[in-house]
Amino acid sequence: MEPRTSQDTAKVVSGTAAIDAYVSDGMIIGLGSGTTSHWFVRKLGEAVAGGLDVIGVPTSTGTRDLALEVGVPLTTLEDVEHLDVTIDGADEIDGDGAMIKGGGACLLWERIVADASRRMVAVVDESKVVETLGAFPLPIEIVPFSWESTRRSVAALLERLGYRNPDLPLRMNGHEPVVTDSGNYLIDAHLQRILDPVALDGQLNWIPGVVENGLFTGIADEMVIGRADGTHEIR
Ligand code: 5RP
């Protein structure tokens, strides 16, 4: 598979640079989800075919299927205690490394795998780097049993925090709610500007029925920013 757009090229550059900078023989690697991570996984498959000896833990069923297709050997969190590094994309990332994730509906497994890793590296194209998080709607994973009342609780929290009537649509696939790999639903919170991501991350996860939210604060150790001209920057 070849990159077709300049953004694809930037994503490939980022994923390839992450392999060069952070991956070596013997490592256990968290494999992120989304298009940028999938370029990384394809490149990792090529490196494995060339003799690189690594094993991966996927962060979604989609990434698991791709890794198997391109020949990256896999293990699970049941069989390993720690991962050396997780390499994963982001929908937005700010100067402190705080991210919005979950555009691909994989935030829960992504956060768990990152948490089990000694290091987390975000791979992004330059369009993902922002000054203030929030233009990208914040994904919030909720249990189906209580989705309407949990959404009301999320709305009440946001109102208390000063977000005025944010749109909180349930993520749909046609006429059906999107169902995550853990069997949950998602709401996408249109907040525009998130001024205190660390506080909001904790407050959202206290709401009964919220399983996880896409604000990943204090998780990324470094970011690899790929550009369409083939260059990259590590921060
Ligand atoms: C999936 C994610 C992805 O990492 C995020 O959506 C970025 O995806 P892409 O690389 O396709 O822009 O969090 O849940």
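**From an annotated residue to the sheets**

Tutor: Let us begin with the record: UniProt, in an unreviewed entry, lists E110 under "active site". Please keep in mind throughout that the model we are reading is predicted.

Student: In which helix is E110 found?

Tutor: E110 is found in helix α4, which spans residues 107–115.

Student: Is E110 buried or exposed?

Tutor: A residue is called buried if 20 or more other C-beta atoms lie within 10 Å of its own. E110 is buried because 32 other C-beta atoms lie within 10 Å.

Student: Which residues is E110 in contact with, leaving aside its neighbours within four places in sequence?

Tutor: With those neighbours left aside, E110 is in contact with G32, S33, T59, D88 and K101.

Student: How many residues of α4 are buried?

Tutor: The general idea is that an α-helix has 3.6 residues a turn, so residues three or four places apart point the same way. In this structure α4 is mostly covered, with 7 of its 9 residues buried, and the buried ones are L107, L108, W109, E110, R111, V113 and A114.

Student: Let us turn to the ligand. How many residues surround the ligand, and which are the closest?

Tutor: The ligand is surrounded by 18 residues, of which the closest are G34, T36, G89, G103 and G104.

Student: How should I read a sheet, and in what order do the 6 strands of the open sheet stand?

Tutor: The general idea is that strands of a sheet pair through backbone hydrogen bonds, either parallel or antiparallel. Here 6 strands form an open sheet in the order β2-β1-β3-β6-β13-β14, and the pairing is mixed. The edges are held by β2 (55–58) and β14 (232–234), and since each has a single partner strand, one side of each is left without a neighbour in the sheet. From one strand to the next, the twist averages 20°.

Student: Which helices pack on this sheet?

Tutor: Helix α3 (residues 61–70) lies across β1 and β2 and runs at about 155° to β2, while α4 touches β1, β2, β3 and β6, its direction making about 150° with that of β3.

Student: Which way do the residues of β3 point?

Tutor: In strand β3 (residues 85–88), V85 and I87 point one way and T86 and D88 the other way, and all are buried. One of these, D88, is also among the residues in contact with E110.

Student: How many bridges join β3 to β1, and how many to β6?

Tutor: Strand β1 (residues 28–31) runs parallel to β3 and is joined to it by 3 bridges, with G30 standing opposite T86. Strand β6 (residues 120–125) also pairs with β3 in the parallel sense, over 3 bridges, and here I87 stands opposite V121.

Student: What is the strand order in the open sheet of 3 strands?

Tutor: That open sheet has the order β10-β7-β11, with antiparallel pairing. Its edge strands are β10 (185–189) and β11 (210–213), each of which pairs on one side only, and neighbouring strands are turned by 25° against each other on average, direction ignored. Strand β7 (residues 138–142) is joined to β11 by 3 bridges, and E141 stands opposite E212.

Student: Which helices pack on that sheet?

Tutor: Helix α4 packs on it, touching β7 and β11, with a direction at about 70° to that of β11. Helix α5 (residues 147–160) touches β7, β10 and β11, and its direction makes about 25° with that of β10.

Terms used:
Residues are numbered from 1 along each chain as its sequence is written. This is a predicted model: local features need pLDDT of at least 70, side-chain atom pairs count only at pLDDT 80 or more; totals for chains, interfaces and linings use all residues. A residue is near a molecule or strand if its C-beta atom, placed from the backbone, lies within 6 Å of it. Helices (H or I, at least four residues) and strands (E, at least two) are DSSP runs, numbered from the N terminus. A residue is buried if 20 or more other C-beta atoms lie within 10 Å of its own, exposed if 12 or fewer, and partly exposed in between; C-beta atoms are placed from the backbone. Two strands pair if DSSP finds at least two bridges between them. Axes are lines fitted to C-alpha atoms, for helices over the stretch in contact, and angles run from 0 to 180 degrees between N-to-C directions. Two residues are in contact if their C-beta atoms, placed from the backbone, lie within 7 Å. UniProt positions are given in the numbering used here, feature names are shortened, and annotations may be inferred rather than shown by experiment.
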